Amino acid sequence: MARYLLKRIGFILISLFFIISITFILMKAAPGGPFASERKLPPAIEQQMNEAYGLNDPIYKQYADYLINAVKFDFGPSFKYTGQEVTDIISRSLPYSLILGLEAIFLALSIGVLLGVIAALNHNKFGDYIAMVIAVLGISVPSFIMATILQYIFAIKLQALPVARFESFAHTILPAVALATTPLAFIARLMRSSMLEVLHADYIKTAKSKGLNDRVVTYRHALRNAIMPVVSYLGPLVVGILTGSFIIEKIFGIPGLGNEFVVSVTNRDYTVIMGTTVFFSVLLLVSILVVDLIYGFIDPRIKLSGKGSK
Amino acid sequence: MKKLLEVKDLSISFDTYGAEVQAVRNISFHLDEKETLAIVGESGSGKSVTAQSLMRLVPMPPGKFVGGSIIFDGEDITQKSEKQMESIRGKDISMIFQDPMTSLNPTMTVGKQIAEGLIKHQNLSKKAAHDRGVELLKLVGIPNPEARIKQYPHQYSGGMRQRAMIAIALACNPKILIADEPTTALDVTIQAQILDLMRELQDKTGTAIILITHDLGVVANAASRVAVMYGGKIVETGTVDEIFYNPKHPYTWGLLGSMPKLDAEGEELQAIPGSPPDLADPPKGCPFVTRCPYAMKVCEQHMPDYKELSSTQKTACWLLDERAPDVEPPESAIVGGTEVHG
Ligand SMILES: Nc1ncnc2c1ncn2[C@@H]1O[C@H](COP(=O)(O)OP(=O)(O)O)[C@@H](O)[C@H]1O
Ligand SMILES: [Mg+2]
């Protein structure tokens, strides 16, 4: 187990190295720089600023500096917001994104699994059709359209929830729902088909032949086996929620990390791009590791060991 | 002998797209206390559906009871509520299935899977159920049961899983054990071990067994009586001796002919030519008519009645009618004395 963890953490570090390097190359390859804007700076000043931020150093030196900073998780000051450290920006905006993301993941998982189970238990009956209509709608409507529909119905027409910003729990509902819709629908479909398959498995017949009632058979025997595909979807789910948050935070005017990231890219705010990218990557890689650990915990057939192919 | 179970005119169908698959048609048989009845027939002849209907495990829908009764303990199983069935399943009637690799829950320890039935039917505590589980694993010949009981099915070999399944099925001392092709998925050497184990446990516990198989070879040593099933019908029943030495139905002859013989080395196995009837549109008369080398006009139109050849043997075949020509069983269906009791 310890060996397995070490090995996985090693892989995470290697992945991070590549992510950081590729981000660096992309940033350098894109035309323009942080101080290029419509209002042209006098060349002397631009030159001086580039000097101050080390942008005139040879490329390999800049790259080495980036790497060292990344290892220390110290990305220096923002290029755009004077006096603000990248780490400050992250720690200021992170809580918003975290709350929103966790809320969306919770919604997607709980309601998605529930819908899927209901659909499977009512296979080819009314409950199944309703659940699957919801699922198909959820998958086919993109989150930004969902967001505007939700805003229109619940904030503007019904005046039931705030339309934007982030000040109370009520503010989080619409963006979390918008963010959760697509993964929720996907999970519902995944859960339905997996549950249908499991309900036809031989061991379900064995369980019934012991005299267990349907509820026990469903919850004790079917659910745990049927949930496996959903657990393996947790990795992509986190990715989806993360990337989804970029656009949703923008639409709802939430000063979260996703919003910061988008702004930093448009601003060519190199240090902030780097900081958020590294942060997002760590988050993703760690959550994928956690998912694998959960998977190994739920499915006894999967051995978490340092040896072997996995 | 007391009759433990009596099936009368049982018919079960499946509603599939546009057609009614008549999987089981008007079958009748009984099971005595402490005996082993074998139900033999090619795949698709309705054996599993018959077995599962005894425990009301046929999925309904698409399945449905068309008619008949299953009398157990003086009461008709087909009339019981689901709740009543729950207290019969696992307690009075248990079942083991063909594929031990898929019939145990992969995410639950073997111990828990054994304990479930005990906790449900005998009100045992978790601890007591665990201890009884260890005993049961020992009983079915699993070495080191204290450690094995904590393991998951994937840590067991195929033969051991079937042993564990037997432990689960016998946990509450059922009156009837239904074994649906319990050895089909196993290696030949392990097959014999499992059959021996079942016989040994039957001697100890007195459980009556319904042994379902497509392999007559399995039957000789394991059963006392045989029901031969074809196309959803029982075409012949009798004691093992009657079926092996005095078979009267051409389908039984075919099955005997397709059985490997010890005293006829090198001889070709004779599979019955042709394929079983489509149960969505079964023949009006005898289901075997399309493959029977002795088929007559009457066979196409009318199902023959059972002819009682002895108090134990009954055969449904027009050849037994006094107007029919005399037909002798083919050479391949004649069983030498050696392997049946060998
Ligand atoms: N769930 C089901 N739905 C539709 N048809 C079924 C179902 N289960 C069994 N059947 C049909 O019933 C017939 C008998 O099947 P079965 O009892 O499994 O045969 P056997 O066990 O003798 O091989 C087959 O034609 C099969 O297609
Ligand atoms: Mg079968």
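Biologist: Where in chain B is P62(B) found?
Modeller: P62(B) is in the loop between α1 and β4 of chain B. Helices (H or I, at least four residues) and strands (E, at least two) are DSSP runs, numbered from the N terminus. This is a predicted model: local features need pLDDT of at least 70, side-chain atom pairs count only at pLDDT 80 or more, and totals for chains, interfaces and linings use all residues. Residues are numbered from 1 along each chain as its sequence is written, chains are lettered from A and ligands numbered from 1 in the order in which they are written, and side-chain values use heavy atoms, with hydrogens and water left out.

Biologist: Cis or trans, the bond joining P61(B) and P62(B)?
Modeller: Cis, with omega about 5 degrees. The peptide bond from M60(B) to P61(B) is cis as well, omega near -10 degrees. P61(B) sits in the loop between α1 (47–54) and β4 (63–72).

Biologist: What about phi of K34(B)?
Modeller: K34(B) is not a glycine, yet its phi is positive, about 65 degrees. You'll find K34(B) in the loop between β2 (19–32) and β3 (36–40) of chain B.

Biologist: Is K34(B) buried or exposed?
Modeller: K34(B) has 60% relative accessibility, so it counts as exposed. The cut-offs: buried is under 20% relative accessible area, exposed is over 50%, partly exposed is in between (1.4 Å probe, protein chains only).

Biologist: And what is phi of N123(B) near?
Modeller: Near 55 degrees, a positive value, and N123(B) is not a glycine. The residue lies in the loop between α3 (110–122) and α4 (126–139) of chain B. N123(B) counts as exposed because its relative accessibility is 67%.

Biologist: Where is K138(B) placed?
Modeller: In helix α4 of chain B. K138(B) is exposed, at 55% relative accessible area.

Biologist: Switching to chain A. How many helices and strands?
Modeller: 12 helices and 0 strands. The C-alpha atoms fill a box of roughly 85 × 60 × 30 Å along the principal axes.

Biologist: How much of chain A is buried?
Modeller: Buried residues are 45% of its 310 residues. Chain A exposes about 16000 Å², and 69% of that comes from carbon and sulfur atoms. Those accessible areas are Shrake-Rupley values with a 1.4 Å probe; for residues, only the protein chains shown count as cover.

Biologist: What share of the contacts in chain A joins residues 24 or more positions apart?
Modeller: 74% of the contacts with a separation of 6 or more. Contact means heavy atoms within 4.5 Å.

Biologist: How many salt bridges between chain A and chain B?
Modeller: 2. A salt bridge needs a side-chain nitrogen of Lys or Arg within 4 Å of a carboxyl oxygen of Asp or Glu.

Biologist: Which residue forms a salt bridge with R220(A)?
Modeller: E116(B), with the closest N and O atoms 2.6 Å apart.
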